Amino acid sequence: LFRSCEVCFTAKARTDMHRLNCGHSFCLSCWKDYISIQVARGDIGIQCMDGLCSFPLDSIDDFISESSSLKVDYWRHFLTRCVSSHPLLRWCPGVDCQIIVKVALPKPRKVVCRNCSTGFCFQCG
């Protein structure tokens, strides 16, 4: 049996389609392209491609291989968003340092990275 993708309007086998719990169905090729664009923009809150639906995509695992650089970028954006939205966490501003610094209380004070010894104000960076 074939179904038509609602994005590219191409007839695809059911095995080449992915349907979300909202009921909208799109081909795997369109999903991959859509996810690639969203991740390139830094958007990790990927939703249904139907313009009137905001149903979230549960996982990109069905569309992107484990070794893909896209998956690495997705998780990098995810981690960056988690750290930037957490009041007790900051990225170390040291050159080429990718350490996350955690404090007990989010207040202005000097902290020192245990990895590169860079000192910085936790509140203002």
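**Aromatic contacts in the predicted model**

At a relative accessibility of 32%, F78 is partly exposed. The model is a predicted one. W75 is likewise partly exposed, with a relative accessible area of 44%. Both values fall between the 20% and 50% cut-offs, so neither residue counts as buried or as exposed. W75 and F78 belong to helix α2, which spans residues 69-85. Three residues separate them, about one turn of the helix.

Ring pairing was then examined. Four aromatic pairs are counted in the model. One of them involves F26 and W31. Their ring centres lie 5.7 Å apart, and their planes meet at 80 degrees. An angle over 60 degrees counts as edge-to-face, so the F26 and W31 pair falls in that class. F26 is buried, at 2% relative accessible area. W31 is buried too, at 0%.

The charged end of R90 is placed over the ring of F122. Its distance from the ring centre is 4.5 Å.

Methods: Residues numbered from 1 in each chain as written. Predicted model: local features only at pLDDT ≥ 70, side-chain atom pairs only at ≥ 80, totals over all residues. Heavy atoms only, no water. Phe/Tyr/Trp six-rings, centres within 6.5 Å; stacked < 30°, edge-to-face > 60°. Buried < 20%, exposed > 50% of the residue type's maximum accessible area, 1.4 Å probe, protein only. Helix = DSSP H or I, 4+ residues; strand = E, 2+ residues; numbered from the N terminus. Lys NZ or Arg CZ within 6 Å of the ring centre and 35° of its normal.
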